[in-house]
Amino acid sequence: MRGFRWPPPPDSGPRTWGPGPGGPRTGRPALPEPETELVTTPHGVRLERLVTGTGDPVTVFAHGLGNGIATTRPFGSGVTGRKVFFQFRGHGRSDAPDGPWNYLDLARDLRAIADLGGASRAFGASLGAGALCRLLAESPERFEKLVFFLPAVLDEPRGPVARERITDLLEAVESGDASAVADVVSLEMPAAVRNTPAGWAYLRQRLDQLLRDGLAEGLATLAEQTSLGDISALSAVTAPALVIGCAGDDLHPVEVAERLAVALPQATLHVYDRPGVLWTERADLRDRISGFLNE
């Protein structure tokens with residue numbers, strides 16, 4: 001990474017090859033990665049886990065495809081009690097059993113981590129929201145409170161833009177080419193952020209993690225799958241739920257969030273008017289999630 005220079009450094013940043021130890025470290029949406037542990041689940045797949053906070057209640061946080069613990073931690077920054085973060089199979093240091101995989105496999109990962117940690121509440125982002133939906137279809141009374149952030153898929157497959165982005169990320173990581181990975185990861189940020197100190201720090205962190213741990217090939221098949229056979233299976237879920245969507249997000253169509261909110265009997269829907277809310281609406285997002293879970 002010290003020999004990698006992408007994108008050009010911001011005017012206020014150091015003129016070095018990459019941010020480095022002296023580079024800007026403020027403003028990024030993902031927190032530094034602490035030491036994690038590997039836990040063995042009842043279904044035999046070892047998963048990487050991080051537990052923070054103390055006391056009850058316990059909330060489990062499920063990340064999106066190609067993301068992980070570091071990018072999920074900000075969602076729990078204002079949430080009380082213990083917080084359990086983990087990496088799905090094929091991510092980070094978690095096992096990558098022989099595929100292909102489906103959302104039932106992801107739901108099994110999520111359930112195991114929730115059960116081992118005694119979680120009574122659940123948060124799911126994108127892929128994690130799909131896994132949470134699948135778990136709830138099987139066990140509608142498992143959690144007392146639910147948060148769904150940018151759900152991407154229910155009973156209809158992802159659109160071509162989302163499938164292409166996932167394929168591009170997997171291929172770039174497999175190539176080991178830092179520039180190729182950076183090109184894809186940079187699309188996660190609003191254009192106005194990409195050449196700022198915050199954007200540099202976020203990009204550096206994502207590249208370090210992805211190039212170190214990689215992503216399993218088995219994740220590729222998930223891009224064409226649905227999390228549910230029938231969305232009506234969620235009608236038995238009585239837990240209060242917060243569903244968060246964004247207008248203009250091609251990877252997470254707002255229509256998916258709207259359909260999910262209708263399917264869940266006790267759901268509240270909030271839609272932001274533009275994507276990139278972890279950058280543009282971070283404080284509001286944090287307060288909205290913690291306010292819902294803490295009340």
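Which residues lie nearest the centre of the largest pocket? They are Asn 67, Leu 150, Glu 188, Leu 251 and His 252, and they belong to a lining of 39 residues. Keep in mind that this is a predicted model.

**Pocket and cavity**

How much space are we talking about? The largest pocket holds about 900 Å³. Helices H1 (69-72), H4, H5 and H8 (277-280) each give two or more residues to the lining of this pocket. The largest share comes from H4, with five residues.

The protein also has cavities, four of them if you count those of 30 Å³ or more. The largest cavity has about 70 Å³ of space. Gly 68, Ala 70, Thr 71, Arg 206 and Gln 209 lie nearest the centre of that cavity. H1 and H6 each supply at least two residues of its lining. So how do you spot such spaces in the first place? Rolling a probe the size of a water molecule over the atoms shows where empty space is left.

Here are the two spaces side by side:

| Space | Volume | Lining |
|---|---|---|
| Largest pocket | about 900 Å³ | 39 residues |
| Largest cavity | about 70 Å³ | 10 residues |

**A look at H5**

H5 gives residues to the lining of the largest pocket, and this helix runs over residues 178-185. Which of its residues are buried? Ala 178, Val 181, Ala 182, Val 184 and Val 185 are. These five sit on the same side of H5, because they cover an arc of only 165° around the axis.

What covers the buried residues of H5? The cover includes helix H4 (160-175) and helix H6 (197-213).

**Stepping back**

Now zoom out to the whole protein. You'll find nine helices and eight strands. Of its 295 residues, 54% count as buried. Take the contacts between residues at least 6 apart in sequence: 75% of them join residues at least 24 apart.

Methods:
Residues are numbered from 1 along each chain as its sequence is written. This is a predicted model: local features need pLDDT of at least 70, side-chain atom pairs count only at pLDDT 80 or more; totals for chains, interfaces and linings use all residues. Side-chain values use heavy atoms; hydrogens and water are left out. Helices (H or I, at least four residues) and strands (E, at least two) are DSSP runs, numbered from the N terminus. Buried means under 20% relative accessible area, exposed over 50%, partly exposed in between (1.4 Å probe, protein chains only). Contact means heavy atoms within 4.5 Å. The arc is that of the directions from the helix axis to the C-beta atoms. On a 1 Å grid over the protein atoms alone, a cavity is a set of points where a 1.4 Å probe fits but cannot get out, and a pocket is an open set with protein on both sides within 12 Å along at least five of seven lines; lining residues have an atom within 4 Å of a point. Grid points are joined across faces, edges and corners, and a volume is the space filled by probe spheres set on the points.
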